[in-house]
Every structure is written in C-alpha cells, then in structure tokens.
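I opened this model to look up its charged pairs and its nonpolar surface. My entries follow in the order in which I made them.

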Amino acid sequence: MNDRNRSAGRPGIIDVIRSVGAAFFGVQSEANRQRDFTHGKLVHYVVAGALATVVLVVSIWGLVQLILATAG
C-alpha cells in the first residue's frame, strides 16, 4: 500500500505514532490532522500519547539522576 492510499484511509500504527510525535512538537499538518479526526480512533491516540508522555517523563527523570550522580 503506498502513502497516497494510506493517507486517504484509516491511519496505521506508524501514522498514529507520527501524529502523536508531531503533536508533541506542535508541527502537525492540516491534512494529517483532518485524517486523524475523520478516520482515526480516539483510543489509539490517547494510548499513544500517554505512552509518549511516560517515556518523556522517565527520560527526563533519568537524565536528571545521571547528572546528579556525576555532579556529586
């Protein structure tokens, strides 16, 4: 399936991850936003967003712990 067919239909897991990543940075295109709202399922975006948030928070926490360990 090429990108043209995929963007016209239901978003796959890679599309959901890309959309959530773009939303984190605020760079989501209008075409992808429209696709997400018309063909996507809310639960997929909520789960992907929650997981991305947990990964972000754990990464920041780990980085802070590493910096504190090397500074002391």
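Predicted model: local features only at pLDDT ≥ 70, side-chain atom pairs only at ≥ 80, totals over all residues.

I took helices as DSSP runs (H or I, at least four residues; strands are E, at least two), numbered from the N terminus. Residues are numbered from 1 along each chain as its sequence is written, and side-chain values use heavy atoms, without hydrogens and water.

Entry on the nonpolar patch. I took a patch as residues with over 30% relative accessible area and no salt bridge, with nonpolar side chains (Val, Leu, Ile, Met, Phe, Trp, Tyr) joined within 5 Å and like charges within 9 Å. F24, F25, V27, L56, I60, V64 and L68 form such a patch, with about 730 Å² of accessible area together (Shrake-Rupley method, 1.4 Å probe, only the protein chains shown counting as cover). Helix α4 (42–71) and helix α2 (13–25) each supply at least two residues, and α4 gives the most, with four. F25, in α2, is exposed at 73% relative accessible area (exposed is over 50%, buried under 20%, partly exposed in between; 1.4 Å probe, protein chains only).

Entry on salt bridges. I required a side-chain nitrogen of Lys or Arg within 4 Å of a carboxyl oxygen of Asp or Glu, and found two. R33 pairs with E30 at 2.8 Å; the two are three residues apart in helix α3, so about one helical turn separates them. R33 is partly exposed at 34%, and E30 is partly exposed at 47%. R35 pairs with D36 at 2.9 Å, and both are buried.
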